[in-house]
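Please look through the model shown below before reading on. The paragraphs that follow lead from the overall division of the chain to its strands, its ligand and some individual residues.

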Amino acid sequence: MKITQHHIDHYKTHGYVAVENFLTAKQLEAIRDELRELMPGWVEFCDNPENGKPPNWDQDGYFNDDSETKFPYPGKILNSMVTHPEFRAFAKMMANGQDVRCDESSLSLKCQGHPRDEDQVMHCDYGNHTLAYPPDNSDYWQTTFVLFYTNVDLNHAPTAICPKTYYSDDYILSRVCSRADRPELYANEIKATVSAGSVLMYSHRTYHRGTKFLKDVGRIGHWISYSPTAWQWLGRDGLSKSGGNLRGPEILRPWMESATAEERTAMGFPPPGHPYWCEETIAGVSARYPGMDMTPYKLGRVRAN
Ligand SMILES: O=C(O)CCC(=O)C(=O)O
Ligand SMILES: [Fe+2]
């Protein structure tokens, strides 16, 4: 386990924590190989700006649901980061032990001059992760994990975070806080400088912001969010849209067929043993995903009966 009690305590007190070297060197290299295929030129540029900016470096796919920045990815290892057992366990612990599911996986690739090279205002991420408001009640807590696949020092637009202790007495948290209104949040921010392979974790009740690049360099981060499954107003992305319909490509099937039942559940699929599973649904899902091993759903039915 890379996430230790020390990290858990820090997260609970401050609303965030960075876990250095969360990935092994081997995992990191495998991910970077996938990224080299998926987004040609980005790893090379981020590692060494003398290699020049990647093709279409100024195009931003982060907010485009159909772009290659979104789950599922063509390879195996990036997908396995999204359903990482430590992320699931941590998010579940923060949500008071409830079941959780992943509701966002977005690769964030940016560099100096990029449309998202910006000095953001302090904010909480709940604007696009809940229709309502994140109360100070852990039944509703959502967690964001940011894996960095390239080094982030002060020049690489580190995410700035204001520890929770500076606003724990606030009655409600605003989505955004301007520098003029809350100078102390900015004065006490901490820049999350980390080495490639580290993960930054923050809650949706944690003020943070993106900062500007100070040099002509780039950064690759992977934003992965988890929410309790019980509340329908939580969550950012639904996966069904990647399943293809009469129009648009089907990019979901290879992942659906190769994932474990646990990984599928983490992405919002009905878990084994759920009342959803009956003869008809097992046959229908199996027809849709011929390569899926239906055993866990069949066995779950037997156990539930
Ligand atoms: O890119 C970053 O470091 C932070 C971005 C961010 O917080 C946001 O866009 O909500
Ligand atoms: Fe944010």
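A residue is called buried if 20 or more other C-beta atoms lie within 10 Å of its own, exposed if 12 or fewer do, and partly exposed in between, with the C-beta atoms placed from the backbone. Helices (H or I, at least four residues) and strands (E, at least two) are DSSP runs, numbered from the N terminus. This is a predicted model, in which local features need pLDDT of at least 70 and side-chain atom pairs count only at pLDDT 80 or more, while totals for chains, interfaces and linings use all residues. Residues are numbered from 1 along each chain as its sequence is written, and chains are lettered from A and ligands numbered from 1 in the order in which they are written.

The domain assignment of the chain gives domain 1 (5-238) and domain 2 (241-305), such bounds coming from an automatic or database domain assignment. The C-alpha centres of domain 1 and domain 2 lie 29 Å apart. Eight residues from domain 1 and nine residues from domain 2 take part in the contact, where two residues are in contact if their C-beta atoms, placed from the backbone, lie within 7 Å. On the side of domain 1 that touches domain 2, two residues are nonpolar, three are polar and three are charged; in this classification Ala, Val, Leu, Ile, Met, Phe, Trp, Tyr, Cys and Pro count as nonpolar, Asp, Glu, Lys and Arg as charged, and the others, Gly among them, as polar.

Strand 8 is mostly covered, five of its five residues being buried. Val199, Met201 and Ser203 point one way from strand 8, whereas Leu200 and Tyr202 point the other way. In a regular strand the side chains alternate between the two faces of the sheet. Strand 8 (residues 199-203) pairs with strand 4 in the antiparallel sense over five bridges, and two strands are said to pair if DSSP finds at least two bridges between them. Within this pairing, threonine 144 has tyrosine 202 of strand 8 as its bridge partner, and valine 146 has leucine 200. Strand 1 also pairs with strand 8 in the antiparallel sense, over four bridges, and there alanine 18 stands opposite leucine 200.

Because six of the six residues of strand 4 (residues 143-148) are buried, strand 4 is largely enclosed by the rest of the structure. Thr143, Phe145 and Leu147 point one way from strand 4, while Thr144, Val146 and Phe148 point the other way. Strand 4 is joined by six bridges to strand 10 (residues 218-228), and these two strands run antiparallel. In strand 10, glycine 221 is the bridge partner of phenylalanine 148.

Which residues surround ligand 1? They are Ser108, Gln120, Asp125, Thr159, His208, Arg209 and Gly210, a residue being near a molecule if its C-beta atom, placed from the backbone, lies within 6 Å of it. By class, this shell has five polar and two charged residues and no nonpolar ones.

Asparagine 21, in the loop between strand 1 (16-19) and helix 2 (25-38), has a phi near 50 degrees, a positive value in a residue other than glycine. Asparagine 21 counts as partly exposed because it has 14 C-beta neighbours inside 10 Å. Alanine 157, in the loop between strand 4 and strand 5 (160-161), likewise has a positive phi of about 50 degrees although it is not a glycine, but alanine 157 counts as buried, with 28 C-beta neighbours inside 10 Å. Proline 72 is placed in the loop between helix 3 (42-47) and helix 4 (77-82), and the peptide bond from phenylalanine 71 to proline 72 is cis, with omega near -5 degrees.

Lysine 191 is found in strand 7 (residues 190-191) and is partly exposed, with 15 other C-beta atoms within 10 Å. Leaving aside its neighbours within four places in sequence, lysine 191 is in contact with Leu154, Pro158, Ala160 and Thr211. The C-alpha atoms of lysine 191 and threonine 211, which are 20 residues apart along the chain, are separated by 8.8 Å.
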